[in-house]
Amino acid sequence: MKLTGPLIPRRTLAALLVAVALGLPAAPAAAGPPSTTHAFALYGRGDYEAAAAELTPLAWAGDPRAQGLLGFLYEYGKGVPQNYVAAASWYACAAEQGEATAQYLLGLLYDKGHGVPRDVVLSQKWLILATAGASRRERDVYTRLRNAVATKMSPAQLAVAQRLAIEWAPVPRLPAQ
């Protein structure tokens, strides 16, 4: 028997058979509402324009992870025009909600003066907060950069940055009685 037409690659055929056996859809579902998880997957695949399109409504809705990644896309011009002011704005939105990566990246922008006025005090404030909220994997990098910025500061500037970080920290609420 001679086969005509395109042959299905073995991996694709195996994936389809597994999907059918498990009752999973063989093709992706119709587009639903955007999700941060899907947007991060698009980013990971290098589809920056699609990631930006999905992140934008999520960022405007207040999602700090979406805001942080959208800021990153603007900072590096991936899928959107490079724009340090927009990057700083989105990082600030996420940083104010406690997103450690956005706090770190905003601190770097203040240190370099990209999109915001150069300000070592605000840089240090955001780097202090980022380091405090960092995962174990990120903490060493954040600590080294926070300490490097501190070497550019006078003791008075460092004290102001530390005070700003302490004042920013959220205060836990007591349960209603």
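## Close-up views of an all-helical predicted model

View 1. The side chain of Asp111 meets that of Lys152 in a salt bridge, with a distance of 2.8 Å from N to O. Lys152 lies in the loop between α8 (136-150) and α9 (155-168), whereas Asp111 belongs to helix α6, so the pair ties together parts that are 41 residues apart in sequence.

View 2. Glu167 and Arg163 form a salt bridge in which the closest N and O atoms are 3.1 Å apart. The two residues are four apart in helix α9, so that about one helical turn separates them. Glu167 counts as exposed, at 52% relative accessibility, and Arg163 is partly exposed, with a relative accessible area of 41%.

**View 3. The largest pocket and its lining.** The largest pocket holds about 180 Å³ of space. Its lining is made up of Phe40, Tyr43, Arg65, Gly68, Leu69, Phe72, Tyr91, Glu99, Thr101, Ala102 and Leu105. Three helices, α2 (36-44), α4 (64-76) and α6 (100-112), each supply at least two residues of this lining, and α4 gives the largest share, with four residues. By residue class, the lining divides into seven nonpolar, two polar and two charged residues.

**View 4. Phe72 at the pocket.** Phe72, one of the residues that line the largest pocket, lies in helix α4. With 22% relative accessibility, Phe72 counts as partly exposed. The C-alpha atoms of Phe72 and Leu105 are separated by 8.2 Å, although the two residues stand 33 residues apart along the chain.

**View 5. Ala165 in helix α9.** Ala165 lies in helix α9 and is buried, with a relative accessible area of 6%. Not counting residues up to four places away in sequence, Ala165 touches Lys125, Ile128 and Leu129. The C-alpha atoms of Ala165 and Trp126 are 7.3 Å apart in space, while the two residues are 39 residues apart in sequence.

**View 6. Leu122 in helix α7.** Leu122 is placed in helix α7, which covers residues 120-133, and counts as partly exposed at 23% relative accessibility. Apart from residues up to four places away in sequence, Leu122 touches Tyr110 and Leu164. Between the C-alpha atoms of Leu122 and Gly107, which are 15 residues apart along the chain, the separation is 6.9 Å.

**View 7. Ala150 in helix α8.** Ala150 has its place in helix α8, the helix that spans residues 136-150. If its neighbours within four places in sequence are set aside, Ala150 is in contact with Gln124 and Leu158. The C-alpha atoms of Ala150 and Ala161 are separated by 9.6 Å, and these residues are eleven residues apart along the chain.

**View 8. The whole chain and the confidence of the prediction.** The secondary structure comes to nine helices and zero strands, which read along the sequence as α-α-α-α-α-α-α-α-α. Of the 177 residues in the protein, 33% are buried. Among the contacts with a separation of 6 or more, 47% are between residues 24 or more positions apart. The average pLDDT of the protein is 82, and 76% of the residues score at least 70. Over residues 1-30, however, pLDDT stays under 50, and the model has five contacts beyond four places in sequence for these residues. Where pLDDT is low, the predicted coordinates should not be read in detail.

How values were computed. Residues are numbered from 1 along each chain as its sequence is written. This is a predicted model: local features need pLDDT of at least 70, side-chain atom pairs count only at pLDDT 80 or more; totals for chains, interfaces and linings use all residues. Side-chain values use heavy atoms; hydrogens and water are left out. On a 1 Å grid over the protein atoms alone, a cavity is a set of points where a 1.4 Å probe fits but cannot get out, and a pocket is an open set with protein on both sides within 12 Å along at least five of seven lines; lining residues have an atom within 4 Å of a point. Grid points are joined across faces, edges and corners, and a volume is the space filled by probe spheres set on the points. Ala, Val, Leu, Ile, Met, Phe, Trp, Tyr, Cys and Pro count as nonpolar, Asp, Glu, Lys and Arg as charged, and the others, Gly among them, as polar. pLDDT is the predictor's confidence in each residue, from 0 to 100. Contact means heavy atoms within 4.5 Å. A salt bridge is a side-chain nitrogen of Lys or Arg within 4 Å of a carboxyl oxygen of Asp or Glu. Buried means under 20% relative accessible area, exposed over 50%, partly exposed in between (1.4 Å probe, protein chains only).
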